[in-house]
Amino acid sequence: MIKEKTNSALTFEDFKVEVLKDYTTAIVSRECSLLGRKEVLTGKAKFGIFGDGKEVPQLAMAKAFQNGDFRSGYYRDQTFMMAIGELNIQQFFAGLYGHTDIVQEPMSAGRQMGGHFATHSLNEDGSWKNLTQQKNSSADISPTAGQMPRLLGLAQASKIYRQLDGIPNASNFSNQGNEIAWGTIGNASTSEGLFFETINAAGVLQVPMVMSVWDDEYGISVHARHQTTKENISEILKGYQKEKNTNGFEILNVKGWDYAELVATYEKAALIARENHIPVLIHVDELTQPQGHSSSGSHERYKDGNRLAWEKEFDCVRQMRLWMIAINIASPEELEAIDSQAKKDVLEGKKAAWNAFLEPIIVEQKELIIVLQKIANSSDNKDKILKFNADLTAIKAPIKKEILITARKVLRLINKEASKAELSQWISNYTHKTQKNFSSNLFSETDLNVFSVEKVLPQYADDAKEDTDGRMILRDNFDAIFTKYPETLIFGEDAGAIGDVNQGLEGMQEKYGELRIADVGIREATILGQGIGMAMRGLRPIAEIQYLDYLLYAIQIMSDDLATLQYRTLGKQKAPLIIRTRGHRLEGIWHSGSPMGMIINAIRGIHVLVPRNMTQAAGFYNSLLECDEPALVIECLNGYRLKEKMPLNYGEFKTPIGVVETIKEGSDITLVSYGSTLRLVQQAANELMEIGIDCEIIDLQSLLPFDKNQDIVKSIAKTNRLLVIDEDVPGGASAFILQQIIEQQDAYNYLDSKPQTLTAKEHRPAYGTDGDYFSKPSAEDIYEKIYAMMNEVNPLKYPSLY
């Protein structure tokens, strides 16, 4: 009907074929949801969250979705993924079963529960595919509204590609900026701050984003009256409506069961966003959720009879069916035939997925059964082993865990028998083979990983003196970077016009323009999201978080989205985002926090680099731009005015990542630290040298990755003592550092004294210089801690100070 109005070349027969195809997709998707729930309830699948009730609006969205476009969505978009040809029945069920074969389960290789979708942006070697020749979906995450910040960046990339010339390989990522980023979210999740932060930022930036809100009136069991003012998200967003000579959104409303109006609405939204780069919000209301929120419960518990009756009547698939009959697209009999065939197809697809999932495990089960039978024949514990074997044989649908548990329990029985070696080797081989299915690709496994970059030293003039402010070294190196890499851009609070709060970007906006050196609002989570989305589309963004403690606003996005991206797609997507911030050793509660333990444990999957000066920091930026991995660089907040030598080879020198630096050799004790605290360590070491205590000082340079060459243990083998100095709280980063040194590097073999830490107090520093002195390790604290350790070694030579 709508196609007849908008496309005169389309005959009614063509229109009929198209609508019937859509209906078939909707019915297949619905049957997948219904059968998927049964698979969960019968125990074949662990958990289920499905897209039933949202089928028809997703069909309309798919019709407007073009090659090169990106989706950043919500875990109910299965119909959309089917409609764009990126999800079939067997793959749907493979995801439900958690199949770890990326060919069988291309969304995440079993690493995410069903309903989380992604397409592949990368070739096998980690290089980019041509994203303009495929329909793209960024990898979903479960945290509510967590998809929103990334959506902003995916949309902004189109604006950058449209307005900036000279970006290398731009045609692989964009067709002159004509791509739309399509977002989807449930109505209840619009209550999250991330939603509002993203909506506001998109309205300011004017990026091509179409945001769909699937509104079925509930958030799990909680009605919209508890979620949203006026129970209507588009109503309360009216202030964002774009008017003449203003920025803002175009806001559209449409009923989720009205196929014809949905198609027209999505066509209109796509035209506005694609041609004019104006964001659009589509509020799709009067939707239903036939099976409730998920397989964990029934919606009959919280919906009354009237609501349930209404949902049955206005189920979008039912309404589409009635509409098709009413305008003679199909007869009831024709539609029943489609329904019947869909049931058969879904059942066959489910069976194929289950067999593909189960058969390799059964092969492994049989392998172990043969091994255990052989071992039992010569064992003193024959009867017990045969009982284990019989129990394993009786499992008709085994999982890998059950196989390995059996093998490991039998190993205990034969620990003193000759046959132990065979089973021990089988377990080792099986574990090694299987573990990578669950633990690979946390970091890049391509030739573009951080370890592929060779160290390049800064070059200096023969008469170079330490007379250059550190911030000028950063500034001049950024200048070299922006010239060398046209795809780089940096954005943050005060990063543009004034060249950042510490002048590390002085003059850069004037030279490179407001698109590449940009000021943004006070909104850390979406600053990160801008970076993630643009990095997923081939740009090399540097997202600036003004101070380290402000990182907490963005830690959820870093942890749940960026840090897991390569892992949750088995290396099929990447976002090589550089996050720039500054911290350590400032006075007062709010800018002096150094929550490194929290950070490094929350963002495994992102490298954490902690340079002690600006030359090192500049070298890290140079190194990272040759890699394909995300990283956080924490510059020393009190180091911008400290003097350093001016390098000659800006943009070229590279600080190695994961490599420590020995900045003073010594023989009595190994001191390990990083960042600003190192200056105090050096001061204390110089003073200790006056009384004959010779300290070796090691600068970690990076916390993640940690000392890949294991140079710290080599130092401890010489000094036999270890002190870790850290300005985080007790048990923070120092605990991680000790674990790496003592457990991973086996340094306990060389220690003659207890390894110790010296950290800040449990609270943040109070205001003022005295607040810092009494809250974080001072040079005197470090001196006395080391002296006390040496007193234990030789109390006569080093009598106690107290």
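Keep in mind that the model is predicted. The chain is assigned four stretches as domains: domain 1 (12-330), domain 2 (368-438), domain 3 (466-645) and domain 4 (661-793).

**Domain layout**
- Taken over C-alpha atoms, the centres of domain 1 and domain 2 lie 46 Å apart.

**Helix H18 and its surroundings**
- H18 is largely enclosed by the rest of the structure, because 12 of its 12 residues are buried, that is, under 20% relative accessible area.
- Among the buried residues of H18 are Glu524, Ala525, Thr526, Gly529, Gln530 and Met534.
- Which elements pack against the buried residues of H18? The helices are H6 (147-163), H7 and H19 (555-562), and the strands are E10 (488-492), E12 (540-544) and E13 (578-583).

**Glu197, a residue of H7**
- Glu197 sits in helix H7 (residues 193-205), and H7 is one of the elements that the buried residues of H18 pack against.
- Leaving aside residues up to four places away in sequence, Glu197 touches Arg523, Glu524, Ala525 and Thr526.
- With Thr526, the contact is polar: the two side chains meet at 2.7 Å.
- Thr526 itself is one of the buried residues of H18.
- For a sense of distance, Glu197 and Gly95 are 102 residues apart in sequence and 32 Å apart in space, C-alpha to C-alpha.

**Backbone spots worth a look**
- Most residues other than glycine have a negative phi, and most peptide bonds are trans.
- Leu704 and Pro705 are joined by a cis peptide bond, with omega about 0°.
- You will find Pro705 in the loop between strand E20 (702-704) and helix H24 (711-719).
- Asn441 is not a glycine, yet its phi is positive, at about 65°.
- The loop that holds Asn441 lies between helix H15 (420-439) and strand E9 (468-469).
- Is Asn441 buried or exposed? Asn441 has a relative accessible area of 11%, so it counts as buried, the cut-off being under 20%.
- Leu570 also is not a glycine and has a positive phi, of about 50°.
- Leu570 belongs to the loop between helix H20 (565-568) and E13, and E13 is among the elements packed against by the buried residues of H18.

Methods:
Residues are numbered from 1 along each chain as its sequence is written. This is a predicted model: local features need pLDDT of at least 70, side-chain atom pairs count only at pLDDT 80 or more; totals for chains, interfaces and linings use all residues. Side-chain values use heavy atoms; hydrogens and water are left out. Domain bounds come from an automatic or database domain assignment. Helices (H or I, at least four residues) and strands (E, at least two) are DSSP runs, numbered from the N terminus. Contact means heavy atoms within 4.5 Å. A polar contact is a pair of N or O atoms within 3.5 Å; within protein, one must be able to donate a hydrogen and the other to accept it, and residues adjacent in sequence count only if both atoms are side-chain atoms. Buried means under 20% relative accessible area, exposed over 50%, partly exposed in between (1.4 Å probe, protein chains only).
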